[in-house]
Amino acid sequence: MTTTLTPAVSECIDAVTSTFSSVFGQIDVWRGSIHDLADSEHGILSVDAVDELVEHLVLADLSTPSSLVIGAGFVATPGYLRDSHWHLAWWLGKANTFGVGSDTPSVRRLEAEEDGDSENFRDYTALEWWRVPAVSGVPHITGPYVDYLCTDEYTLTLTAPVEHDGSMIGVVGADLYVDDIERTLLPRVRAIGRATILNASRRVVVSTDPHRPTGSIMRPTEGETVLPCGDTSLVLVLD
Amino acid sequence: MLRLCHVSLRQDEMPQSIRSTSAARAAVFAPLAGGGRAELVTQRLTDAIELGLLTHGEKLPSEAEMARQFGVATVTAREALEALREKGLVETKRGRDGGSFVLSEGARAAGITRRVTRLSRVELRDMGVYYSAIAAMAAELAADRATPDDVSHLHATIDAVDVSVETSARRGEGTFRLEVAALSQSARLVREELRLQSEFAPMLWLCLREPEQRERSRQAHRDVVSAIEAFDGDLARRLTTAHIASAIEWLLDAKAELENRGDTA
């Protein structure tokens, strides 16, 4: 069955695709730089070298007021870095209000527990944003989910694997607030009428249907039209 | 994108009832610095200790270092440490090897027992009711919003707990409820779950001292996951409420026993 797309539908698909593709594009640039650094250091990297590069890479994006990115960085494959088994080189943006109380947030480093012996250390390789791209080898969108480990907020995390010499040395990624995405995309969805944007697990990202809250799972319905948004893994559903 | 300011109370927008009452007005505009900040720092550290992120014997950073890390004044960090001492979570030693150290679960347990004897039955029951409202609603929403992947993650969370060890069961209780809360997709419910855990969890789950109760708790978690898996929000909610109610009943029994012992002593 072919569906003729109305201009509103096409424009919405384009908006979703370009919003996420531009972040994935940025992530890919970071991925390339980390790969190049690994190359120039013959595949052996230190925490300091990684931190210096990643901070330099993500700082610009995190400082730009119009940027949707509220957190970004590189998370190393356990055992890859020569001087720390676990490592997160992750920075939080100006728009990220996590842990600052009533202060105006500034760009800052995420302090993460990296001591694997600490009793409640969290093995990040079990988390979706790590697990899925590690298995699939391709970029992945995690969420919407409540990121209680990092931002305490309703978040989307975009991650891509970084490979060197045929093995994964870590993931590179960015966090977005779901409410920023809603603000950005809702006008386009509204132009269609009743429509819903879902992630690959059919979790609602944005919907104009009041019966479809963000974060709920939309069970497949008869007669629905599912339109992929580029290669973002997101789909636009008309029902 | 810059986030919109959440609260913008301007005088000319204040409701008449508030504007006319000077005491209420003063409270609204009480300075946030100092008290408010210290509470935030206290809360964060309490969460970390209750959740086991900071463990027994661990030395906290010095006042000055803590102030730098949290981005608060030294006096605020001092205030927070004072509050943690009062809660019986840390002790401060003077001298060369001095500093503030996280107390053992044993030392904290004695503090919890004292708290249970001090609180009235009404207060303890009310604690259970309020916690149920949050946890049970989270479970109900989770049943509607969890993917099969989320469900296997919940199973893994339960399997990771060693019920033969009390601390493992205690931590597992917290982790399981936090994971369920996260599946509700509500950031507010998650934050409230975390807050209530740090306030009540050691008391509420006092029953986990008994191996038999730890087994029961594990079974209760499995039943909730089955309900979530079956998209049965109603059942997930009722099971969660019942589990919390049984923990409160155990606690009230324990309290009565403590009081009887106290009377005869």
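User: Which residue is the bridge partner of A:D147 in β5(A)?
Analyst: The bridge partner of A:D147 in β5(A) is A:E153. Please keep in mind throughout that this is a predicted model.

User: How many bridges join β4(A) and strand β5 of chain A, and in which sense do they pair?
Analyst: β4(A) and β5 (residues 153-164) of chain A pair over six bridges, and the sense of the pairing is antiparallel.

User: What order do the strands of that sheet take?
Analyst: The sheet is an open one of six strands in chain A, in the order β3-β2-β1-β6-β5-β4, and the pairing is antiparallel. β3 (108-109) and β4 (140-147) of chain A stand at the edges with a single partner strand each, so one side of each is left without a neighbour in the sheet.

User: Which helix packs on it?
Analyst: Helix α2 (residues 47-63) of chain A packs on the sheet, where it touches β1 (69-76) and β2 (88-92) of chain A, and the direction of the helix makes about 160 degrees with that of β1(A).

User: Switching to chain B, what is it built from?
Analyst: Chain B has twelve helices and two strands, and along the sequence these follow the pattern α-α-α-α-α-β-β-α-α-α-α-α-α-α. Of the 265 residues in chain B, 35% are buried.

User: Where do the domains of chain B fall?
Analyst: Chain B is divided into domain 1, covering 35-103, and domain 2, covering 108-264. Taken over C-alpha atoms, the centres of these two domains of chain B are separated by 26 Å, and nine residues of domain 1 are in contact with nine residues of domain 2.

User: And the helix I mentioned is the one with B:G172; which is that?
Analyst: B:G172 lies in helix α9 of chain B, which covers residues 166-183. B:G172 counts as buried because 23 other C-beta atoms lie within 10 Å, where 20 or more are required. The C-alpha atom of B:G172 is also 5.7 Å from that of B:V161, eleven residues away along the chain.

User: Why call α9(B) enclosed, and what about its length?
Analyst: Buried residues number 14 of the 18 in α9(B), so the helix is largely enclosed by the rest of the structure. At 1.5 Å a residue the helix should span 26 Å, and its end C-alpha atoms are 26 Å apart, which agrees. After α9(B) comes B:Q185, whose phi is positive, near 70 degrees.

User: Where is the confidence in chain B lowest and where is it highest?
Analyst: Confidence in chain B is lowest in helix α1 (residues 16-20), at a mean of 42, and highest in helix α11 (residues 211-229), at 97. The mean pLDDT of chain B is 83, with 85% of its residues reaching 70 or more. Over residues 1-20 of chain B pLDDT stays under 50, and the model has 15 contacts beyond four places in sequence for that stretch. For the model, the scores are ipTM 0.79 and pTM 0.77.

Definitions and conventions:
Residues are numbered from 1 along each chain as its sequence is written. Chains are lettered from A and ligands numbered from 1 in the order in which they are written. This is a predicted model: local features need pLDDT of at least 70, side-chain atom pairs count only at pLDDT 80 or more; totals for chains, interfaces and linings use all residues. Helices (H or I, at least four residues) and strands (E, at least two) are DSSP runs, numbered from the N terminus. A residue is buried if 20 or more other C-beta atoms lie within 10 Å of its own, exposed if 12 or fewer, and partly exposed in between; C-beta atoms are placed from the backbone. pLDDT is the predictor's confidence in each residue, from 0 to 100. Two residues are in contact if their C-beta atoms, placed from the backbone, lie within 7 Å. The expected span of a helix is 1.5 Å times one less than its number of residues. Two strands pair if DSSP finds at least two bridges between them. Axes are lines fitted to C-alpha atoms, for helices over the stretch in contact, and angles run from 0 to 180 degrees between N-to-C directions. Domain bounds come from an automatic or database domain assignment.
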